[in-house]
Amino acid sequence: MKKLLQIVGPGLLFASMAIGTSHLVLSTKAGAQYGWVMIIPIVLANILKYPFFEFGVRYTHVTEKTLIEGYQNLGRKYLWLYAFITVVSVFTILAALYVVTAGLFMNLFKVSNVGINTVTLALFAFISLLLIIGRYRFLEVSLKFVVSILFLALITTTIVVIHKGQVVPIADFEAPKIFNEVGVLFLIGLVGWMPTAVEASGWVSMWSMEKLKSLSEKPSLTATLNEFNLGYFLTALLAVFFLIIGWMTLYGTGTELSGNAVLFADQVVGMFTLHIGSWAYILIAVAAFATMFSTCMTAHDAVSRVSLDVLAKLYPTYKGFTIKSAFAITVVLLAVINWMVIALFSGNMANLVALATFVSFVMAPLIGWMNLRTVTSDDVQARYKPSSALRILAYVGMIFLAAFALYYCWIILI
């Protein structure tokens, strides 16, 4: 246990990054709108996507290279493909995360005299400063406390709502259909972002590399995978907690969760405190804000690192990507770009997120295949390659993701 605690890092950061929009928003909505049955796609998505994230941790630990370098070894075209996906993420994902976080901040501190654009600008500035000054070590240490608080708050809330029982549905309540156009689109979104997008396997690989650099002695592959598995299991478990809370408190009541970030934040925090008591409002509000704040930090850090790594591989002759200040410049640049996206395209944010969703879903099976090819390449010694069972699970996951991607394309394009 002591050794496990010493190497805690990438798995924890993965949990913090994943327990954001996919959990706080989508899992809660899944339970509130469709009930307990949504536990099936949530569990299935977590199981079938697991190999692709595990491969990133495995490859980096064994080879001491990032997945991005592994993609480059497969062929330059695969590196360009990942670069394209990263560009789409740069202009959409951070903007969407920061908007939701700003809504929770405004709810927590009852901020009404300034607009959400101003709050997001302040968050961009504050988080950028933390990342530049504290870098990886600060990220890792601070998130140990955030995730611990969140887990305690969620398990307490879940136990309380289960003990109190499900809210009585309204008299004319009719269970919504899952397999119509609206239901299928929601299901695809839930599965696509649960626990997170497959391209985030490259992010986990970058964090694994940073962790290796910070250790005086390299741990065993088993110990490293155990740390990641703990974070991954925690991620899946909290998704179920959010679903149960949404199901037990809102399913059948006719309440629709708002698409507005500030109103949604108020609904979620109110839903929690309704069953625990008004005394817990501030605790739950802080926990919910901390959840999204930590997601913004980890995503901002990851996209910055991956962007630098991809550019350094694509343009190896340019040394500007390797200077010490390159990370700080990238963090600030991404903050400016995404704040401009929010300020200029706030009315079209849904369309921008839809674009990111489309690219992520369509590319997910290919990224999964690239990860499998990378971890089974000559870079990895035979004894460290994934087991036959894990490879079979990866192939099943690719078929699963491909089926969803094709169906999603058919709905969107036909």
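How many of the 12 residues of α9 are buried? In this predicted model, 9 of the 12 are buried, so helix α9 is largely enclosed by the rest of the structure. The buried positions of α9 are G183, V184, F186, L187, I188, G189, L190, V191 and G192. The helix covers residues 181-192, and its length can be checked against expectation: at 1.5 Å a residue, its 12 residues should span 16 Å, which agrees with the 16 Å between its end C-alpha atoms.

Burial was next considered for the nonpolar residues. In soluble globular proteins, nonpolar side chains tend to be buried together. The largest nonpolar core in the model comprises 133 residues. Within this core, the residues that touch the most other members are F14, M38, Y82, Y98, W203, F228 and I367. Helix α13, formed by residues 281-314, gives the most to the core, contributing 16 residues. The surroundings of Y98 were also examined: leaving aside residues up to four places away in sequence, Y98 touches T120, L123, F124, I127, C296, H300 and I342.

Helix α2 (residues 10-18) and helix α10 (residues 201-214) have axes that come within 9 Å and cross at roughly 145°. The crossing in which α2 passes α10 is right-handed. On the α2 side, the contact involves P10, L13, F14 and M17, which meet W203, V204, W207, S208 and K211 of α10.

Key: Residues are numbered from 1 along each chain as its sequence is written. This is a predicted model: local features need pLDDT of at least 70, side-chain atom pairs count only at pLDDT 80 or more; totals for chains, interfaces and linings use all residues. Side-chain values use heavy atoms; hydrogens and water are left out. A nonpolar core is a set of buried Ala, Val, Leu, Ile, Met, Phe, Trp, Tyr and Cys residues joined through side-chain atoms within 4.5 Å. Buried means under 20% relative accessible area, exposed over 50%, partly exposed in between (1.4 Å probe, protein chains only). Helices (H or I, at least four residues) and strands (E, at least two) are DSSP runs, numbered from the N terminus. Contact means heavy atoms within 4.5 Å. Axes are lines fitted to C-alpha atoms, for helices over the stretch in contact, and angles run from 0 to 180 degrees between N-to-C directions. A crossing is left-handed if the near helix is turned anticlockwise from the far one by less than a right angle, and right-handed if clockwise. The expected span of a helix is 1.5 Å times one less than its number of residues.
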